[in-house]
Amino acid sequence: MPKHTIEPEKWIDRYSDYLFNYTISRVNDREMAKDLVQDTFVASLKSMKNFKGDASERTWLISILKRKIIDHYRRINSKKGKAEVKIDFTTEDDEGNWLEERVADPFDKTAEDSLVNDELGEAIYACLDKLPAKQAAVFKMKTIQELDTETICNELNITPSNLWVIIHRARTAMAECMEKNWF
Amino acid sequence: MKEKKSFLFISCDEAKHICDKSQYKEASFWEKIKLNLRYTWCKITRAYVKQNKQLTTMVKKSKIDCLKNDEREALKKEFEKELMEQN
């Protein structure tokens with residue numbers, strides 16, 4: 001019997017934010033990220049029979065999303081290749097220069113930083129998963145989307161004191177969850 | 001009987017509440033003074049402030065993002081169509 005079950009009707013509520021965060025940190029384009037997440041859900045739905053239940057639903061969805069992101073880059077790279085061909089060296093003697101241009105810049109820490117940010121983002125989402133749905137929703141709206149108190153209260157039909165109680169519980173649980181590895 | 005609120009001294013729970021508001025820049029100047037006063041002598045408040053600030057820093061550092069509610073709803077609508085077709 002499979003260890004993990006598949007419940008597509010719950011995918012959007014459970015995983016859309018996590019998949020979106022994973023995608024936006026890699027494609028840096030909100031609209032494109034949304035499209036890729038949607039493509040991932042549709043593709044996953046069509047290949048549900050391939051889900052063996054060995055990995056969690058989330059891991060399985062991410063593996064499909066990763067392929068979608070790679071395809072996206074392949075697509076834009078192949079378009080780029082057709083549009084412009086940049087040749088920086090013309091003779092064999094110039095080859096050294098061409099290679100030198102491509103040596104990694106030791107002062108460029110962006111890749112390393114984004115790796116740490118990725119891990120941190122994953123850890124935050126893992127902790128958010130453990131919160132009750134309402135606490136997670138309020139925490140995301142207030143802390144990640146940075147919406148003001150009034151907007152959230154109107155949207156969720158709660159009072160400001162309700163909101164602060166929920167925020168307090170969410171923050172305490174999140175801090176306890178994150179404390180082990182990140183504080 | 002309702003407890004009379006002190007002008008300057010606040011309870012630990014109140015301090016935590018101000019600290020939460022402060023993470024979103026929603027604590028008033030006067031509230032911050034009251035929090036700071038309690039911070040000087042209350043170990044629990046100090047521990048909470050430290051932990052709460054760290055959480056704020058971590059979330060900011062991660063540059064984490066999520067879908068807006070209307071974006072999530074749109075995604076849900078589209079996906080539900082696919083689900084219907086599948087069934």
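**Nonpolar cores and contacts of chains A and B**

Of the 38 residues that form the largest nonpolar core, those touching the most other members are Leu19(A), Phe20(A), Val37(A), Val138(A), Phe139(A) and Met174(A). At least two residues of this core come from each of helix 1, helix 2, helix 3 (57–83), helix 5, helix 6 and helix 8 of chain A, and likewise from each of helix 3 (43–62) and helix 4 (69–86) of chain B. The model described here is predicted.

**Cores**
- Leaving aside residues up to four places away in sequence, Val138(A) touches Ile152(A), Leu163(A), Ile166(A), Ile167(A) and Ala170(A).
- A second, separate core has seven residues, including Cys19(B), Leu35(B), Tyr48(B) and Val49(B).

**Contact between the chains**
- Chain A contributes 34 residues to the contact and chain B contributes 29 residues.
- On the side of chain A that touches chain B, the largest share, eight residues, comes from helix 8 of chain A, and by class the residues of this side are 18 nonpolar, nine polar and seven charged.

**Domains of chain A**
- Chain A is divided into domain 1 (1–83) and domain 2 (111–183), whose C-alpha centres lie 23 Å apart.
- The contact between these domains takes four residues from domain 1 of chain A and six residues from domain 2 of chain A, and the side of domain 1 that touches domain 2 has one nonpolar, two polar and one charged residues.

Notes
Residues are numbered from 1 along each chain as its sequence is written. Chains are lettered from A and ligands numbered from 1 in the order in which they are written. This is a predicted model: local features need pLDDT of at least 70, side-chain atom pairs count only at pLDDT 80 or more; totals for chains, interfaces and linings use all residues. Two residues are in contact if their C-beta atoms, placed from the backbone, lie within 7 Å. Helices (H or I, at least four residues) and strands (E, at least two) are DSSP runs, numbered from the N terminus. Ala, Val, Leu, Ile, Met, Phe, Trp, Tyr, Cys and Pro count as nonpolar, Asp, Glu, Lys and Arg as charged, and the others, Gly among them, as polar. Domain bounds come from an automatic or database domain assignment. A nonpolar core is a set of buried Ala, Val, Leu, Ile, Met, Phe, Trp, Tyr and Cys residues joined through C-beta atoms within 7 Å. A residue is buried if 20 or more other C-beta atoms lie within 10 Å of its own, exposed if 12 or fewer, and partly exposed in between; C-beta atoms are placed from the backbone.
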